Amino acid sequence: MTNTSHTLSNSQVSSDTAPLRAKSGWIIALGFVYLLAGFIALGSVVMATVASVLVVGVMMIVAGVTEVFSAFQIKSWGKFLLWVLLGVLYIIAGFVTFENPLLAAALLTLILGASLVASGIMRIILAFSMKRETPWIWVVLSGVITLLLGLLILAHWPVSSLYILGLFLGIDLIMAGAAWIGLGFGLRHAR
């Protein structure tokens, strides 16, 4: 009985990944594009920082326009003006990022550093509260690394704002590219 259900689940998994296996070459190619973009970002972290800030600016403008549009859809609600104001503030903030991307990068880097410090402290507290559990040491390690990374960013702020966002973007693109390449080759070998 177990063998039959095991074989059934294996055939179902292989049929679920069949479309992916057929496109493994494209997945590998996508991975190489990510890798190339990541290395380009690491080669010019200041430009990658500016590019990432500009993308955030575009997203803020889109969110602001959506907020204003949504507010007019339910105009009869008592908080109409607050909703419109929130949308307008998003739009203004988005345009400010285009006006001065380095200032926006400095503010985003400051927020990132503070968030990492807070997240690291919370993970450490969480880890010590779950000390009876087996993997608590990994949570402490994760919290300490996150806390130190946040403190490092804040210690070198505002200078770190020139390169931190671009550095993180480059590393993320390289890791994503390696993951896609690994997935593509894994699918190719599963044939």
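Two helices count as roughly antiparallel when the angle between their N-to-C directions is over 145 degrees. Keep that cut-off handy for this tour of a predicted model.

**Stop 1: helix 3 and helix 8.** Select residues 24-43, which make up helix 3, and then helix 8, which covers residues 164-189. Their axes come within 7 Å and cross at roughly 160°. That angle is over 145 degrees, so helix 3 and helix 8 are roughly antiparallel to each other. Their crossing is left-handed. Now colour the contact between helix 3 and helix 8 by residue class: you'll find 21 nonpolar, 8 polar and 1 charged.

**Stop 2: Ala178.** Stay on helix 8 and click Ala178, which sits in it. Is Ala178 buried, partly exposed or exposed? Its relative accessibility is 41%, so Ala178 counts as partly exposed.

**Stop 3: helix 6 and helix 7.** Select residues 101-129 for helix 6 and residues 136-155 for helix 7. Here the axes come within 7 Å and cross at roughly 155°, which makes helix 6 roughly antiparallel to helix 7. What kinds of residues are in the contact of helix 6 with helix 7? They divide into 19 nonpolar, 8 polar and 1 charged. The crossing of helix 6 and helix 7 is left-handed.

**Last stop: confidence.** Colour everything by pLDDT. The protein's mean is 86, and 90% of its residues reach 70 or more. Then select residues 4-9, where pLDDT stays under 50. For that stretch, the model has 0 contacts beyond four places in sequence.

Terms used:
Residues numbered from 1 in each chain as written. Predicted model: local features only at pLDDT ≥ 70, side-chain atom pairs only at ≥ 80, totals over all residues. Heavy atoms only, no water. Axes fitted to C-alpha atoms, helices over the stretch in contact; angles between N-to-C directions. Helix = DSSP H or I, 4+ residues; strand = E, 2+ residues; numbered from the N terminus. Parallel < 35°, antiparallel > 145°, perpendicular 65-115°, else oblique. Left-handed = near helix turned anticlockwise from the far one by under 90°. Nonpolar A, V, L, I, M, F, W, Y, C, P; charged D, E, K, R; others polar. pLDDT = per-residue confidence, 0-100. Contact = heavy atoms within 4.5 Å. Buried < 20%, exposed > 50% of the residue type's maximum accessible area, 1.4 Å probe, protein only.
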